[in-house]
Amino acid sequence: VYLLAIETSCDETSAAVIENGTTIRSNVVSSQIETHRRFGGVVPEIASRQHVETITWILQEALDQAGLTMEDMSAVAVTQGPGLVGSLLVGVIAAKSLACSLELPLIGVHHIAGHIYANQLVHKLEYPLVSLVVSGGHTELIYMESEGSFRIIGQTRDDAAGEAYDKIARALKLPYPGGPHIDRLAQEADGEIKMPRAWLENSYDFSFSGLKSAVLNVLNQSRMRGEEPVAAHVAKGFQSSVVEVLVEKAGRAVKEYGAKQLLLAGGVAANRGLREALTKRCEELGVPLLMPPMDLCSDNAAMIGAAAFLKWNRGDITGLDFKAEPVLSLEKWGY
Ligand code: ATP
Ligand code: MG
Ligand code: FE
């Protein structure tokens, strides 16, 4: 079974061919980072226009690299939401046109289910499990009792982890997207400016806005005195706070829910500090930690194909009459 998958929810245009839900035949990603960098973030209008320019050749490239044609495809899968509506629309319309003209089943996929099921491309999942999703727009702990079932047990009350990374990076005058730069500085740091942690009592929720304010205060106060704090010390202090809270809460959820695995997903899953600290905690807990390889952490269509396969297996076809959904519930999309 070959699924042709499309992802255009934000600023990556991507198409992939996935064989039997787990084998990547191709996964072509065109990133718009260079275009948006000078604006310090994604500009939605520009993003959707660039998707339009890129989508046709990227679909052809995905088929070429797989050594297959449209006639070989069993179904088309596309990110339905959440994301930027103008960006999503480009993928959804492309997918509908293909499905319609070739009379193929069409499957709409939740973007975060995609991030989670990126792990299925490289690991064997065992339920029940707990997923820690950390991305540009989401920070969630999700209990998954069985395949395709999602129960959000905790989430951010303000900024997402990746969003906080990007804002702090911007304050440190690092290029967009700032996550990888902060990560690198934190690894190299020979000191640390201690930052607060938001525990929010015993809940599994997260908050990063207090931490963000604390970091900005340190920067502003130093700069008012005409000094510039060592960027690496700031980065290390910030990252230590983020990582400690994520690891602590994820570890506690694994114990409380009797999870057989802890699964990490989303763009911030590429963070080396987080990967190391979670690896250590999971060793202590005696629970396997599943993480996607670096190139499957950020947005890509292969992960959308992997998630779509769950629905394909159940004969759960979305059909042609769905809309791009900038806001879409993961729990409702799942089972
Ligand atoms: P969502 O998936 O929630 O819709 P998104 O698709 O925009 O949001 P992703 O592509 O999943 O987000 O992740 C991008 C985010 O990951 C950016 O905020 C980026 O800074 C962050 N990121 C990438 N690499 C790292 C890293 N090594 N350390 C920390 N953050 C990182
Ligand atoms: Mg992106
Ligand atoms: Fe994403």
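This is a predicted model: local features need pLDDT of at least 70, side-chain atom pairs count only at pLDDT 80 or more; totals for chains, interfaces and linings use all residues.
Residues are numbered from 1 along each chain as its sequence is written, while chains are lettered from A and ligands numbered from 1 in the order in which they are written.

**Strand β4 and its partners**

β4 (residues 75-81) and β5 (residues 106-110) pair in the parallel sense over 5 bridges. Pairing requires at least two DSSP bridges between two strands. Strands are DSSP runs of E with at least two residues, helices are runs of H or I with at least four, and both are numbered from the N terminus. β1 (residues 2-7) also runs parallel to β4, joined by 4 bridges. There, L4 has V76 as its bridge partner. Of the 7 residues of β4, 7 are buried, so the strand is largely enclosed by the rest of the structure. Buried means 20 or more other C-beta atoms within 10 Å of the residue's own; exposed means 12 or fewer, partly exposed lies in between, and C-beta atoms are placed from the backbone.

β7 (residues 139-144) is mostly covered, with 6 of its 6 residues buried. T139, L141 and Y143 point one way, E140, I142 and M144 the other way, and all are buried. In a regular strand the side chains alternate between the two faces of the sheet. β7 has antiparallel pairings with β6 and with β8.

| Strand pair | Bridges | Residues between the strands |
|---|---|---|
| β6 (residues 129-134) and β7 | 6 bridges | 4 residues |
| β7 and β8 (residues 151-155) | 4 bridges | 6 residues |

Both pairs form hairpins. L129 has M144 as its bridge partner in β7. I142 stands opposite I152 in β8. G148, in the turn between β7 and β8, has a positive phi of about 75 degrees.

**Helices α5 and α6**

Two packed helices are described by the angle between their axes and the distance between the axes. α5 (residues 161-171) and α6 (residues 179-188) pack at an angle of about 75 degrees, with axes 8 Å apart. That makes α5 roughly perpendicular to α6. Angles of 65 to 115 degrees count as roughly perpendicular, under 35 as roughly parallel, over 145 as roughly antiparallel and the rest as oblique. On the α5 side the contact is made by G162, Y165, D166, I168 and A169, and on the α6 side by G179, H181 and I182. Contact means C-beta atoms, placed from the backbone, within 7 Å.

**Annotated positions**

The UniProt record (unreviewed entry) places a "binding site" feature at V133, V134, S135, G136, G137, D166, G179, D183 and N271. Such annotations may be inferred rather than shown by experiment. G179 lies in α6. G179 is buried, with 26 other C-beta atoms within 10 Å. Leaving aside neighbours within four places in sequence, G179 is in contact with G162, Y165, D166, A169, G267, V268 and N271. N271 is found in the loop between β9 (261-265) and α9 (272-285). N271 is also buried, with 28 other C-beta atoms within 10 Å. With the neighbours within four places in sequence again set aside, N271 is in contact with G179 and D183.

Conventions
Axes are lines fitted to C-alpha atoms, for helices over the stretch in contact, and angles run from 0 to 180 degrees between N-to-C directions. Two residues are in contact if their C-beta atoms, placed from the backbone, lie within 7 Å.
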